[in-house]
Amino acid sequence: EDAASQSRVLKVNLDMLNFHARRARDRGQTDRAMKLFSKCIKMDPYDGRAWLATAKMYERAKNYNAAREWLDKGLMHSPSNPFLLQSLGVLQERTGDLVAARETYLKATKIDPEHAPSWVSLGKLEERQKRQERARECYRSATVGDERNYYAWQCWGVLEARLGNVDEARRLFQICSSVNSQNAAVWQAWGVMESRLRNFDTAVACFKRGLEVSPRNTFVLQAWAVLEWKRDDLVRANDLFERAITIRPSDGGVYQAYAMLLRDRKLYSSARAMLKRGTEACRSHVALWQAWALMEAELGNVKQAREIFQQGIWDSGGSEKAHMIWQAWGLLEAKCGDMALARRYLRQA
């Protein structure tokens with residue numbers, strides 16, 4: 001009885017310490033969070049939560065080596081922990097080791113066939129490698145393992161929508177929304193599909209539902225703005241884009257989406273102004289610089305395109321996505337006939 005009592009006290013203390021560590025992390029108190037998670041590990045090194053949380057903190061800081069070390073240490077104590085394995089797979093995938101990532105996800109699903117996050121991660125990797133049927137089976141396994149995992153239903157629905165299986169996608173989106181009606185992402189995905197099918201009223205209904213549950217969701221606002229652009233309500237589209245920018249002025253994706261629509265209508269001055277505004281608001285957004293430079297190159301403004309590529313490299317701050325600029329710049333130089341410079345830039349990519 002004494003041993004059981006001590007075990008319960010330890011569990012309660014460990015749960016409370018993990019709670020305080022997570023709260024410190026969420027408040028941006030990184031040092032305090034790290035110390036508290038370390039205490040959790042000392043209290044019970046076989047509990048994977050603190051190992052996982054610490055690794056994720058390092059991963060968010062892009063210190064992938066440290067993240068890997070913490071996951072490896074956690075797995076030394078709990079080699080059958082599917083949460084640690086799934087997180088390791090995500091890290092391996094992020095650092096480009098797709099073969100190892102797949103093996104790690106498979107290991108996690110064999111250890112716990114009902115671990116939905118591992119099935120979903122494996123499914124997304126299979127999609128990335130164009131193995132659609134395998135991806136579908138992974139998402140199906142995830143929903144069998146945990147029918148309340150709304151993200152699994154959502155990923156499956158997005159897959160079917162992309163493959164053109166509209167009725168099946170609607171069925172899956174419906175299930176997802178019934179499992180979690182507060183998930184704005186499923187309403188956005190559903191609306192985007194209906195918009196592509198030119199079912200505009202249905203799409204707008206989805207977007208409105210998404211904004212009901214998440215009024216400041218810029219992804220929903222952007223998708224709705226694109227729809228209004230499609231049906232030539234440019235005033236409303238502009239209002240929706242501006243709402244999104246007001247909510248998240250440093251979201252480069254909104255500026256880029258708006259600028260590309262302006263470009264497609266040959267409104268080049270307006271597109272240029274939007275790209276300039278976007279790069280001023282979020283200077284490290286690689287895709288914005290790339291899109292702007294490519295537009296100028298298409299218009300024959302090669303000198304200006306080069307200057308924009310260069311500024312993008314400078315302002316990207318060593319971003320892991322900077323290769324996009326080097327690649328696009330290299331292809332431009334190849335098109336202009338300077339193969340030596342093209343090879344030099346493509347090597348940078």
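This is a predicted model: local features need pLDDT of at least 70, side-chain atom pairs count only at pLDDT 80 or more; totals for chains, interfaces and linings use all residues.
Before you click: residues are numbered from 1 along each chain as its sequence is written, and side-chain values use heavy atoms, with hydrogens and water left out. Local features need pLDDT of at least 70 and side-chain atom pairs count only at pLDDT 80 or more, while totals for chains, interfaces and linings use all residues.

**Stop one: the largest pocket**

Select Gln 188, Ala 189, Val 192, Met 193 and Arg 196; of the 16 lining residues, these lie nearest the pocket's centre. A pocket here is an open set of points on a 1 Å grid over the protein atoms alone, where a 1.4 Å probe fits, with protein on both sides within 12 Å along at least five of seven lines; lining residues have an atom within 4 Å of a point. The space comes to about 300 Å³, the volume filled by probe spheres set on the points.

Now colour helix 9 (150–162), helix 11 (184–196) and helix 13 (218–230), the elements that give two or more residues to this lining. Helix 11 supplies the largest share, seven residues.

**Stop two: helix 17**

Jump to residues 286–298: helix 17 has 13 residues and reaches 18 Å from first C-alpha to last.

Finish on Gly 300, which follows helix 17 and has a positive phi, near 90°.

Terms used
Helices (H or I, at least four residues) and strands (E, at least two) are DSSP runs, numbered from the N terminus. The expected span of a helix is 1.5 Å times one less than its number of residues.
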